[in-house]
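Dear colleague,

Please look through the structure first and then read on.

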Amino acid sequence: MLVAPSVVFLAALFLWPIVVGVGQAVTGTDGPTLAHLRRMVDDPYFWTATRNTALLIVVLIPLQFAFALTMALLLRERPRLASFYFYVWCVPLAISDLAAGLVWLSIFADRGYLNSALAHLGLGDGYAWLSYDNQTTMFVAVLLAELWRATSLVLVIVVAGLQNIPRDYDEAAAVFGATYWQRLRHVILPQLRPSLQVALILRTILGLQTFAVAQALTGRSFPLLVGETYQWYVTLQNERVSAAIALVIMLMSLGTAVVYLRVLRDPAATGGER
């Protein structure tokens, strides 16, 4: 009875929309159908968006965790002005996705800050970073914008996890002659596993939902899956194909979450090691 209100709220907010969305993807006016799924896979933008989204996740997530873990370990050493550094690194959390995309658009635009700096240094009259013909530079622009915008979320989670790790273990390992890298690998990271697991699941799901940053920077020149749901729903006025693409995103999110839970589970908790 105590959890009943939460169950009702979650069912209304998440379960019912999922049921409706799946129903839209696999049903038509005459009943169950795969026509919307076939139309989705026949669209060339779908496969390009799938490739771009997967590539973004594969490159973005490791970079974010490398930066976040490095910054968190630096803060753990309590340098001077550590609190100031933490707040500066967390500033992007207060900026919306679209605003972040517009900030980076002012950098990579044809007459943006980057081309102005290059021209000032005599390195050229400008480069079309966001041109349709330059898929690599468009990907790099979206990657940098999303890396700057979302790494702070991982940082906050990792910092919170490090605060729950007693320093006694680290100091005891140092007394017995363990190097810093040995302490990091065998003492800190194993105890940080739950926080890394949560951060990985959140960031991968949110990474699969990347939309506003790419939309502000490239429009449909660099399609992503969530951007295609928007195109089919708003521009092409076909909510059923849009629901089919959303179903693909949901399955990808669930699949990656299951993989993370299995790979990063604690062996001691499952009886695998003692």
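At what angle do helix α3 and helix α7 pack, and how far apart are their axes? Please bear in mind that this is a predicted model. In it, α3, which covers residues 44-76, and α7, which covers residues 135-163, pack at an angle of about 40°, and their axes are 7 Å apart. That angle makes α3 oblique to α7, since angles from 65 to 115 degrees would count as roughly perpendicular and those under 35 as roughly parallel. The crossing of the two helices, α3 and α7, is right-handed, and their contact comprises 23 nonpolar residues, three polar ones and three charged ones.

Helix α9 is made up of the 12 residues 180-191, and from its first C-alpha to its last it reaches 15 Å, which is close to the 16 Å expected at 1.5 Å a residue. Its buried residues are Arg-183, Leu-184, Val-187 and Ile-188; seen down the axis of α9, they fall within an arc of 125°, and so they line one face of the helix. In general, an α-helix has 3.6 residues a turn, so residues three or four places apart point the same way. The face of α9 that is turned away from the buried side carries the exposed residues Trp-181, Arg-185 and His-186.

Lastly, Gln-209 lies in the loop between α10 and α11, where Gln-209 is partly exposed, with a relative accessible area of 41%. The C-alpha atoms of Gln-209 and Thr-53 are separated by 8.8 Å, although these residues are 156 residues apart along the chain.

Note on methods:
Residues numbered from 1 in each chain as written. Predicted model: local features only at pLDDT ≥ 70, side-chain atom pairs only at ≥ 80, totals over all residues. Heavy atoms only, no water. Axes fitted to C-alpha atoms, helices over the stretch in contact; angles between N-to-C directions. Helix = DSSP H or I, 4+ residues; strand = E, 2+ residues; numbered from the N terminus. Parallel < 35°, antiparallel > 145°, perpendicular 65-115°, else oblique. Left-handed = near helix turned anticlockwise from the far one by under 90°. Nonpolar A, V, L, I, M, F, W, Y, C, P; charged D, E, K, R; others polar. Expected span 1.5 Å × (residues − 1). Buried < 20%, exposed > 50% of the residue type's maximum accessible area, 1.4 Å probe, protein only. Arc of directions from axis to C-beta.
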